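Please open the model in your viewer and keep the sequence panel beside it.

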Amino acid sequence: MEIKDNELLRQFEIITDTGLVAIEYSIQERKLFLTKFCSNNNEDEELHNEFIKTVLELAQERKLKVVPTHAKFISFFRKNRKFQEMLPPGIKI
C-alpha cells in the first residue's frame with residue numbers, strides 16, 4: 001500500500017478503485033492527532049484497517065505518539081491492543 005503524506009492538506013492519502021481515501025491529521029509537540037477519516041461508504045472495512053495500521057507504523061517510525069480523536073480510530077485502538085503503547089501518557093482507550 002502506497003501512502004502519500006500530503007503535508008499541505010495535512011492528510012495521508014491512498015488511491016483505491018473507488019477513489020481517494022484520506023486520514024486528516026495535525027502534529028503538535030511530537031503527537032500525531034488523527035482527526036478525520038474520509039472515504040466512500042461502499043469501501044472495504046479491511047482496506048480501511050490496513051490503511052490505519054500503515055499510518056500508525058509510519059508514525060512509529062517518526063517516533064510520534066498518536067492521539068485518536070475520531071470514533072473510527074478509537075475503535076481501531078480498542079480492537080488492536082498492540083498499538084496502545086503509541087498513546088501518550090494519561091490517555092486510556
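How much accessible surface does the chain have, and what percentage of it belongs to carbon and sulfur atoms? The accessible surface comes to about 5,900 Å², and 47% of this belongs to carbon and sulfur atoms, with areas computed by the Shrake-Rupley method with a 1.4 Å probe, where for residues only the protein chains shown count as cover.

Before going on, please note that this is a predicted model, in which local features need pLDDT of at least 70 and side-chain atom pairs count only at pLDDT 80 or more, while totals for chains, interfaces and linings use all residues. Residues are numbered from 1 along each chain as its sequence is written, and side-chain values use heavy atoms, with hydrogens and water left out.

**Whole chain.** The C-alpha atoms fill a box of roughly 40 × 30 × 20 Å along the principal axes. Of the 93 residues, 38% count as buried, meaning under 20% relative accessible area with a 1.4 Å probe and protein chains only.

**The core.** Next, select Ile23, Leu32, Leu34, Phe51, Leu56 and Val66, which have the most contacts inside the largest nonpolar core, a set of 21 residues (buried Ala, Val, Leu, Ile, Met, Phe, Trp, Tyr and Cys residues joined through side-chain atoms within 4.5 Å). Strand 2 (11-16), strand 3, strand 4 (31-38), helix 1 (45-61) and helix 2 (71-79) each supply at least two residues of this core, and the largest share, five residues, comes from helix 1. In soluble globular proteins, nonpolar side chains tend to be buried together.

**Leu56.** Now centre on Leu56, which, not counting residues up to four places away in sequence, touches Leu34, Val66, Phe76, Phe77, Phe83 and Met86; a contact means heavy atoms within 4.5 Å.

**Strand 3.** Move to Ile23, which is found in strand 3 and counts as buried because its relative accessibility is 0%. Leaving aside residues up to four places away in sequence, the residues that Ile23 touches include Phe12, Leu34, Phe51, Val55 and Phe73. Finish at Ser26, which lies in strand 3 (residues 19-28) and is buried, with a relative accessible area of 18%. Beyond residues up to four places away in sequence, Ser26 touches Lys31, Leu32 and Phe33.

Terms used: Buried means under 20% relative accessible area, exposed over 50%, partly exposed in between (1.4 Å probe, protein chains only). Helices (H or I, at least four residues) and strands (E, at least two) are DSSP runs, numbered from the N terminus.
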